[in-house]
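Student: I have a structure to read and would like to know what the terms used for it rest on. Could we go through them one at a time?

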Amino acid sequence: MNQTANPDMQAIVLDEVFPHAPDVIWKALTSGDLIGRWLMAPQGFAPVIGNRFTFQTVAAGAWDGTIHCEILEVVPNERLSYAWRGGDEHNEGYGSKLETVVTFSLIAAEAGTRLRLTHSGFQLPKNDTAYRNMSEGWKKVVRKLDTVVTEVATSEQQH
């Protein structure tokens, strides 16, 4: 997204190189059981465009804590994107209305695969709390993803 088009919109962008092939990382990004190990357990997840699924987190005020997602793009071993909507318009701070998009891009790199995670669409100042919390949260999630991907790669090497 062009930041100059709407200076109030912000994105979280993380780049990490994993010493694994794209298909191993893809498996961790698109298996509901594995997603539950590095992010949150999804309900109804399938890597199919148009599929709707949810995550459950801590409720706040008028928001029940449900994150509503919809698969927007699936390019096997390259790109996965989904809408990430939650919160309530009556909440301020944590639990404020959030309509964002999470995109995982996998790019071949000399040492393995570069994972670029982009969580876009934060409206500031309305989503300041979510932007701050999730900026830190996604860093932890990527570290957990690294652990899960390493376990998947080790398991596949043993078979």
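This is a predicted model: local features need pLDDT of at least 70, side-chain atom pairs count only at pLDDT 80 or more; totals for chains, interfaces and linings use all residues.

Student: What makes up the secondary structure of the chain?

Tutor: Three helices and six strands. Helices are DSSP runs of H or I with at least four residues, strands are runs of E with at least two, and both are numbered from the N terminus. From that end the order is β-α-α-β-β-β-β-β-α.

Student: Why is the chain called as compact as a globular protein of that length?

Tutor: The radius of gyration, taken over C-alpha atoms, is set against the globule rule, 2.2 Å times the number of residues to the power 0.38. For 159 residues the rule gives 15 Å, and the chain has 16 Å, which is close, so the chain is as compact as a globular protein of that length. Its C-alpha trace spans about 50 × 35 × 25 Å along the principal axes.

Student: Why does Ser 135 count as buried?

Tutor: Buried means under 20% relative accessible area, exposed means over 50%, and partly exposed lies in between (1.4 Å probe, protein chains only). Ser 135 has 15% relative accessibility, so this residue counts as buried. Of the 159 residues of the chain, 42% count as buried.

Student: Where is Ser 135, and what does its side chain reach?

Tutor: Ser 135 lies in helix H3. Its side chain reaches the backbone oxygen of Tyr 131 at 2.7 Å. A polar contact is a pair of N or O atoms within 3.5 Å; within protein, one must be able to donate a hydrogen and the other to accept it, and residues adjacent in sequence count only if both atoms are side-chain atoms.

Student: What is the largest nonpolar core?

Tutor: A nonpolar core is a set of buried Ala, Val, Leu, Ile, Met, Phe, Trp, Tyr and Cys residues joined through side-chain atoms within 4.5 Å. The largest one here has 40 residues, and among those with the most contacts inside it are Trp 38, Phe 55 and Trp 138. Helix H3 (residues 128-158) gives the most to this core, with 10 residues.

Student: How do you know that strands E3 and E4 pair?

Tutor: Two strands pair if DSSP finds at least two bridges between them. Strand E3 (residues 66-75) and E4 have seven bridges, in the antiparallel sense. Val 74 stands opposite Leu 80 in E4. Strand E4 (residues 79-86) is also joined to strand E5 (residues 98-109), by eight bridges, again antiparallel. Gly 86 stands opposite Leu 98 in E5.

Student: What is said of Asn 77, and why is this residue called partly exposed?

Tutor: Asn 77 has a positive phi of about 65° although it is not a glycine. Its place is in the loop between E3 and E4. The relative accessible area of Asn 77 is 31%, so this residue is partly exposed.

Student: Which peptide bond is cis?

Tutor: The bond from Leu 124 to Pro 125, with omega near 10°. Pro 125 is in the loop between strand E6 (112-123) and H3.

Key. Residues are numbered from 1 along each chain as its sequence is written. Side-chain values use heavy atoms; hydrogens and water are left out.
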